[in-house]
Amino acid sequence: MAEEIVNTGRPADNDNALYGLIRRLLRNKAAVFGLVIIVLMFLCALFAPMLATYDFAKQDLPSMLQPPSKAHIFGTDEFGRDIYSRIVYGSRVSLEVGFLAVGISLLAGLLLGSIAGYYGRTLDSVICALIDIALAFPMTLLAIAIIAILGPGLFNVCLAIALSSWGSFARIVRGQFLSLKNQEFIEAAKILGYSDVRIIFRHILPNSLAPLVVLTTLEVPKAIIVEATLSFLGLGIQPPLPSWGSIMSSGRSFLFDAPWITVFPGVMIILVVMGFNLFGDALRDTLDPRLRN
Amino acid sequence: MGKARGFLRVPVFGSLMLIVFLGIVGMMFMGPPTIAAEKKVIVQAMDRDPDILDTIKAAWYSDALIYLHDRLVSRDYNFRYRPGLATSWDVSKDGLVWTFHLRQGVTFHDGTPFTAKDVKWTIDTIKDPKTASPFAGDLKAIDKVKIVDDYTVQMFLKYPFPNLLFNLSNTASGIQKAGCYDKYGDDYGIKVVIGTGPFMFKEWVRGDRIVLVKNPNYHWGPEWMSNQGPPLFDELVIRTIPEESSRIMELVTGGVHVLRDVPPLQVDKLKNNPEINIFTEQSTKLGYLAYACDKKPFDNVLVRRAINHAIDRDTIVKYIFNGHATPAYGYLPPALKDEYLAESEKLGYKYDPARAKALLAEAGFSKGFETTLSAENDSTSKRLAEVLQAQLADVGIKTKIQLYDSASYVAMLKAGQQDLFIRLYSWPNADILDWFLLSSQFPYPNHSRWRDPKTDELINSAATAPTWEERAQRYKEVQRHLIEQAVWCPIYIPDMMLAVRKEVINFKIHPWMIQYSDGIDIKTK
Amino acid sequence: MSHLLPPMKATGVVIMLRYFARRMTFLVLTLLGMTIIIFSMLHLAPGDPIDLIVGPNVTPEVRENIRHQYGLDRPLVIQYFGFMRSLLHGDLGESIIQHKPVSELIAERFFVTLELSITALVISFLIAIPIGIKAALKRNTITDYALMAVSLIGISMPTFWFGLMLLYIVAFKLRLFPISGYGTWKHLVLPALTIGITDAALVARMVRSSMLEVVRQDYIRTARSKGLAERVVINRHALRNALIPIITLLGLRIGWVVGGSVVVEIVFARPGLGRLMVDSILARDYPVVQGTMIVLTTCIILGNLFADVLYAIVDPRIKLR
């Protein structure tokens, strides 16, 4: 059975619990595997120029559409560009989009969720309704519609993904606020005369960290997949910028004779998304199995 | 306790539901069992679905319209104008009155006879401003149409127009049945299409396919065809498959028999496929890089010439088109034997990056400049854009590529947002220059935004020349002027390539369109 | 299915009705909210809304005419009411590119998407339920790990990529099914499998969790201690309670399945609503985009409601709320 983190309301008391948590996490094989993949991806993005064997934009027309070989381990695309190098650099874009989109989502969710949970009543009902509606739309469809309005491009993609996923964050934050705001240490803080803002930032939010971290870990892979889908449809990252989705999009026309352009970025996405999912699931199980529902 | 048993049923119930559902779906869509061996069907793949199957109202003409309708004038394998629904024609001395003698014994698909009133109705409806036909401008030379008798029609022109034969042999001039709009209303062009052509309309599943069946009563095929009677096979299906790779895969697996516009990169692989034959011909297409000539710095002729010198056409032909194209220096394709300016290459601008940089410096851009490069997002244009980007960068011009699908590309050009952009035209007549470069066509389709009185003067003089020869001469002057002014940067003339499966017999390539009724047939298994 | 419901007493009926009333109110509010959002999208877009409705190639006079005709010069609230009025009459506007009523364009393709979505959903649950149950019953064994590993791969795949792989391997290389198109049941198989299998990956996990929850409960232990055979315990008690929350899942997955069919229709060239929407976005044909959005989300919301109703019928505990 998982130990519960005893909530005394003071962040400092949680430190020992934190070390215990990390130890337990590392004992979970799936978590470690997932974490390794995530770290590898970060390293890949960070050290892309060193890991890539060619310049991702360099055209080498005489070598176009070559299958995987010693010179080009993932083959070349229709401009003779090395797919492996493009995938390595693509990790940067995919990560960037993933975290930027989820970051905006998190902030929006935090803002709206805390307002709803803390102030309650009408504000809560209105925001709750908004959340329900936001969650009623499927993420891909909503993102596509938002791109329809804003037009394609990296930042618009992040915005579109953020607008489709803020609901889950808001819901969790709201839930946390609702359950925490009536606890003793909050009452105490109010009596002591602390301002609302201070209470929110120094007492409630830090204690809501756990489910938010889990959700972030699980939303990033969703963002990566939605970005890939948007780019594939021509609504996302525009060429020649390499994102895993845009590489597959340009490979679309050559599925017939150069399927490797489409296969390898897809495999990369599967690996990375698996990593985040494994780690996120393990994190959730370790922090509080009740979070499953 | 009774409740528990209920839920054992869920997986069973679910499976039953699925089986029933699939059964219903299957029965609905399998239709009556087709005896495939006996019905001969040829399938052609296209990349887009038409908006409407009506030659008068369409902005984009589906191939189906060529086979559903006949035209007054036909074009043979040498691009010569021959009788179609009109058996002969005379032109008055001043070139202003054309008399067409119509073929007798022709019937529409609904059994009614074809007569002069149908010709008059068709042309009047095209020209009627209320119809808003995109083809109206092409027939503006016609002032009015007069019915002399059931089989004779006279057209009175506002000015001599030898090109009238070209326009009357176009898909858009398919002769329609008088009054079909009144009879069928909004259904016409969607659920009903009536013509006199070798194929009849059967059905149109929007976004998926158009099905045509042979017209068994057809016996008025043009005399230059080997077969003047009905087509030799039963059905022609034109399928809409937007994905390029899917079209090719369908061809390879036999789901599709005919593919127009084979992407140049796939040609060689398909040539090696024993089940597929490739037919090649010189096309009447021209691919070019264009400028918004009223925007800086493209309003400076030195800049336009510099860009012409910056483009390495040979590399493009070799790697983007795998050698299946010819470099272009002029404004018309050489296939237009009469009108093409033979000295285009000599007078044009050769690849010379040093000269390009010198010209740019002379124009005040020694450090180059930044601009946008727009293109459509099909595989060829995308790749061409990226190669051009690299070549322009070599002379200091930094470009940002913007890709569009065909509809939004047009919208963008109409809105005038372009700077540098890639275009490909496909048109077998010199009047394409009128279309694109007359100032009256500004801002669209004159998307080069070129307004030049001298160009207007030369083109108008050519378009109204009294004879065909005079016309050809004057169009050569037009081309000379355009080359000198470097209005465009012509790049390539692609080969016309068709891929046809070996089951299709007697396939011949025609400079304009596949002539399915001319003896083409298909072997059934 | 009457033996599922306890004998209906008057109070039972009242509670049921109250539940339905609550759900219906929620439904109406969600639909309204959705229309407000879609309506405001037009005005949130950068640029003049007129450009989105009529396209860029009209003269200023025509522009002003259309502006007046569409009431875009009136206050937003009034515009919204006008919009809703047209909507309730079935008028979704006219396509800029094709000059046909949007509702006509949608009607032509509605069934194509409906067919795909329903088939995919059915396939998904048919695959997921047995797998999830099996994995739960064989918890922490090789079977469980293997099944969950496969499911993990399934949820980590972009749907369009899986579709492309199926297309290339099954349709092109193996020639078992058509590559693209619409018409026979054969054309439905690969698209439906693409969505069905990827959805099943997620649903299987949920079935497994639900099953595990239930199996841990006290009443299961009671049944076991009574000496009942394991199979009876599972089939009579565990299954039913585990499957109840899965039915709500049906409602949740409808949204995902419809979203997935957008991409799958493009990969397999099916002439459905999803493809219409994406093509219209690329062509800047805004009235069609708006119309398809409204139709698709209405169907999703209705689908959610259907699942909720199903849940209410099936779970007797709802009445106690």
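Is A:Leu233 buried or exposed, and how many C-beta neighbours does A:Leu233 have inside 10 Å? A:Leu233 counts as buried, with 22 such neighbours. The model is a predicted one. In it, chain A comprises 11 helices and zero strands, while chain C comprises 12 helices and zero strands.

**Chain A as a whole**

- Along the principal axes, the C-alpha atoms of chain A fill a box of roughly 75 × 45 × 30 Å.
- Chain A has 293 residues, of which 52% count as buried.
- Among contacts in chain A with a separation of 6 or more, 69% are between residues 24 or more positions apart.

**Chain C as a whole**

- The elements of chain C, taken from the N terminus, run α-α-α-α-α-α-α-α-α-α-α-α.
- Chain C has 321 residues, and 44% of them count as buried.
- Residues 24 or more positions apart supply 71% of the contacts in chain C with a separation of 6 or more.

**Nonpolar cores**

- The largest nonpolar core contains 207 residues. Those with the most contacts inside this core include A:Ile87, A:Ile269, B:Leu212 and C:Leu167.
- Helix H10 of chain C (residues 230-267) gives the most to this core, contributing 17 residues.
- A second, separate core has 64 residues, among them A:Phe79, B:Ala385, B:Ala430 and B:Ala462.
- Apart from neighbours within four places in sequence, A:Ile269 contacts A:Ile224, A:Ile225, A:Ala228 and A:Trp244 in chain A, together with C:Pro158 in chain C.

**Contact between chains A and C**

- Chain A provides 31 residues to the contact and chain C provides 36 residues.
- On the side of chain A that touches chain C, the elements giving two or more residues are helix H5 (121-136), helix H6 (139-150), helix H9 (196-233) and helix H11 (260-287) of chain A.
- By class, that side of chain A consists of 23 nonpolar, six polar and two charged residues.
- A:Leu233 has its place in helix H9 of chain A. Setting aside residues up to four places away in sequence, A:Leu233 touches C:Val263, C:Ile266 and C:Val278.
- Within chain A, A:Leu233 and A:Ser246 are 13 residues apart in sequence, and their C-alpha atoms are 8.8 Å apart in space.

- At 1.5 Å a residue, H11(A) should span 40 Å, which agrees with the 40 Å between its end C-alpha atoms.
- Helix H4 of chain A (residues 83-119) has 37 residues and should span 54 Å at 1.5 Å a residue; its end C-alpha atoms are 52 Å apart, which agrees.
- H4(A) bends by about 30 degrees at A:Tyr89.
- A:Gly120 follows H4(A) and has a positive phi, near 65 degrees.

**C:Ser124 in chain C**

- C:Ser124 belongs to helix H5 of chain C (residues 102-137).
- Because 27 other C-beta atoms lie within 10 Å, C:Ser124 is buried; the cut-off for that class is 20 or more.
- C:Ser124 and C:Leu193 are 69 residues apart along the chain, yet their C-alpha atoms are separated by 8.2 Å.
- With neighbours within four places in sequence left out, C:Ser124 is in contact with C:Gly196, C:Asp199, C:Ala200, C:Val203 and C:Arg253.

**Strand S10 of chain B and its partners**

- Strand S10 of chain B (residues 235-240) has five of its six residues buried, so it is largely enclosed by the rest of the structure.
- S10(B) runs parallel to strand S1 of chain B (residues 41-46), to which six bridges join it. B:Glu235 in S10(B) is the bridge partner of B:Val41.
- S10(B) runs antiparallel to strand S9 of chain B (residues 209-214), with five bridges joining the two. B:Val237 in S10(B) is the bridge partner of B:Val211.

Conventions: Residues numbered from 1 in each chain as written. Chains lettered and ligands numbered in written order. Predicted model: local features only at pLDDT ≥ 70, side-chain atom pairs only at ≥ 80, totals over all residues. Helix = DSSP H or I, 4+ residues; strand = E, 2+ residues; numbered from the N terminus. Buried ≥ 20, exposed ≤ 12 C-beta atoms within 10 Å, placed from the backbone. Contact = placed C-beta atoms within 7 Å. Core = buried A, V, L, I, M, F, W, Y, C linked by C-beta atoms within 7 Å. Nonpolar A, V, L, I, M, F, W, Y, C, P; charged D, E, K, R; others polar. Expected span 1.5 Å × (residues − 1). Bend = angle between axes of the 7 residues up to and from the residue. Pairing = 2+ DSSP bridges.
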